[in-house]
Every structure is written in C-alpha cells, then in structure tokens.
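Please keep the structure in view while reading.

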Amino acid sequence: MPTISVIIPAYNAEKTITFAIQSVINQDFEDWELIIIDDGSTDQTYTICREFISCNKIRLIHQENAGRSAARNEGIANSSGYWITFLDADDTLFPDSLSTLLSATTEDTGIVCGGYTTQFQKTPTPSKQYIYRGIDFANLVLNPCTQPSIAADDNYFDSLFERTIWGKLYKGELIRGCNISFLPNLRFGEDALFNIYAGLCAREILSLIHI
C-alpha cells in the first residue's frame with residue numbers, strides 16, 4: 001500500500017498534463033502512486049499520459065467522457081493509498097508538497113489542508129482554515145442550516161473550510177469507508193459538497209496555514 005494516492009482527472013489537457021505529472025514525479029517524498037483518469041479526451045492527452053506509464057507507480061485509466069466528478073470517483077475507486085490527494089491537470093505541486101502535508105498528520109487526522117499559489121503570486125494564499133475536531137465542524141456546518149440566509153452564503157462556508165479539494169490530504173479509509181464521492185450530475189459546488197461530507201466524517205481537520 002502506498003502512503004499517498006495522487007488522483008488527476010484529465011480532459012483535453014495536452015498543454016498542461018506533462019507539467020502536472022512531472023510535478024508528482026519530482027516530489028521529495030517517494031512513497032506515492034499516481035492515478036490519471038483520462039476522461040474521454042479528444043486531443044493528445046491520452047497519448048502523452050501513456051509515455052509515463054512505464055513507471056510502475058503511475059496508472060492510466062481511460063473512460064468515456066463523463067465529467068470531472070466521475071473521473072475523480074474512478075480514481076478513488078482505484079486508489080490504495082493510506083492518504084488521497086487530488087491534483088487538477090492544469091496545476092502542479094511544489095517539490096515538498098506531499099511531505100509537508102504528511103508531516104502534519106496525527107493518528108486522529110482525517111484531513112490536512114494546505115495553502116496554494118496562483119500563477120501570478122509569489123507567496124502562498126492564506127487558507128481560511130483552522131484546526132477543527134470533527135464534532136466542532138459538524139456543529140458549525142449544521143447549525144446555520146436552520147437559517148437559510150446564512151446557509152446560502154458562500155462566504156460563510158469559505159470561512160469554515162476552503163471549498164477546493166486540491167492542496168489537501170484525505171485519509172483513504174475516511175473517504176472509502178464512508179463512501180464519500182463526487183456527485184457526477186452536479187455542475188458547480190462539487191468540491192464544497194465533498195469537503196462538507198468529508199469534514200463531517202473526520203475526527204480531526206488540520207490546517208498548515210492559520211490566519
């Protein structure tokens with residue numbers, strides 16, 4: 001069992017997928033597996049990805065186009081890592097990303113949250129995240145749901161938990177054991193919903209960046 005499963009959904013990503021894959025290969029932490037799900041690309045994405053499968057830590061799965069959520073679900077189903085992380089095909093990891101996230105984990109940790117940078121930034125963007133015990137996160141999420149005006153406020157949920165799934169480690173047994181997945185028919189907000197489900201199941205959520 002690898003320590004970390006990295007899942008990349010890819011659709012028509014011929015211009016960026018090499019950089020994403022190479023950023024995983026260049027990690028200073030070596031106990032990983034990379035699962036690439038080609039979501040029915042019509043460009044050279046699949047051909048490019050095939051060039052990397054000689055590495056026994058990289059697997060390439062092809063599926064008919066079903067959307068990013070379905071591709072991520074396929075990645076989860078084929079993952080075996082103790083931890084799971086997601087990387088988009090147009091993003092890259094810093095060389096120490098996996099080791100830095102992993103260094104923060106404890107026995108109770110269900111999710112570790114990191115920061116990120118955009119193409120035009122020189123320093124990481126602070127994440128609006130803190131350290132939560134699972135029950136505390138549940139109370140924060142569920143209590144406002146009795147007040148529609150608060151529950152519908154995107155900024156409220158962002159203040160609790162960064163909605164994106166990249167830049168995070170999820171305990172594999174948490175995701176697989178609780179059957180947490182992405183809703184394929186949901187066009188927007190699938191990351192946020194996934195994080196809410198995962199957060200409600202986690203015993204502890206840690207953030208590496210505090211504000």
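A residue is called buried when its relative accessible area is under 20%. The model discussed here is a predicted one. Because seven of the ten residues of helix 3 are buried, the helix is largely enclosed by the rest of the structure.

## The contact of helix 3 with helix 9

Helix 3 spans residues 68–77 and helix 9 spans residues 190–201. Their axes come within 11 Å and cross at roughly 35°. On the side of helix 3, the contact is made by R68, S69, R72 and I76, while helix 9 contributes E190, D191 and F194. By type, the residues of this contact divide into four charged, two nonpolar and one polar.

Within a helix, the spacing of residues matters for such contacts. An α-helix has 3.6 residues a turn, so residues three or four places apart point the same way.

D191 lies in helix 9. Is D191 buried or exposed? Its relative accessible area is 12%, which is under the cut-off of 20%, so D191 is buried. The side chain of D191 makes a polar contact, at 2.9 Å, with the side chain of R72. Apart from its neighbours within four places in sequence, D191 is in contact with R72, R163, T164, I165 and F182.

N195 is also found in helix 9. With a relative accessible area of 0%, N195 is buried. A polar atom of the side chain of N195 lies 3.1 Å from the backbone oxygen of T164. T164 is therefore a partner of both residues discussed here: it is in contact with D191, and its backbone oxygen lies 3.1 Å from the side chain of N195.

## A cavity

Rolling a probe the size of a water molecule over the atoms shows where empty space is left. How many cavities of 30 Å³ or more does the structure hold? There is one, and the largest cavity has a volume of about 30 Å³.

The lining of the largest cavity is formed by S181, F182, L183, L186, E190, L193, F194 and Y197. Six of these lining residues are nonpolar, one is polar and one is charged.

## Two partly exposed loop residues

Y82 lies in the loop between helix 3 and strand 4. Its relative accessible area is 37%, and Y82 is partly exposed. Not counting residues up to four places away in sequence, Y82 touches M1, P2, T3, Y170, K171, G172 and E173. Y82 and Y170 are 88 residues apart along the chain, and their C-alpha atoms are separated by 8.7 Å.

W166 is in the loop between helix 7 (154–160) and strand 7 (168–171). W166 is partly exposed, with a relative accessible area of 24%. The C-alpha atom of W166 is separated by 8.7 Å from that of C113, a residue 53 places away along the chain.

Definitions and conventions
Residues are numbered from 1 along each chain as its sequence is written. This is a predicted model: local features need pLDDT of at least 70, side-chain atom pairs count only at pLDDT 80 or more; totals for chains, interfaces and linings use all residues. Side-chain values use heavy atoms; hydrogens and water are left out. Helices (H or I, at least four residues) and strands (E, at least two) are DSSP runs, numbered from the N terminus. Buried means under 20% relative accessible area, exposed over 50%, partly exposed in between (1.4 Å probe, protein chains only). On a 1 Å grid over the protein atoms alone, a cavity is a set of points where a 1.4 Å probe fits but cannot get out, and a pocket is an open set with protein on both sides within 12 Å along at least five of seven lines; lining residues have an atom within 4 Å of a point. Grid points are joined across faces, edges and corners, and a volume is the space filled by probe spheres set on the points. Ala, Val, Leu, Ile, Met, Phe, Trp, Tyr, Cys and Pro count as nonpolar, Asp, Glu, Lys and Arg as charged, and the others, Gly among them, as polar. Axes are lines fitted to C-alpha atoms, for helices over the stretch in contact, and angles run from 0 to 180 degrees between N-to-C directions. Contact means heavy atoms within 4.5 Å. A polar contact is a pair of N or O atoms within 3.5 Å; within protein, one must be able to donate a hydrogen and the other to accept it, and residues adjacent in sequence count only if both atoms are side-chain atoms.
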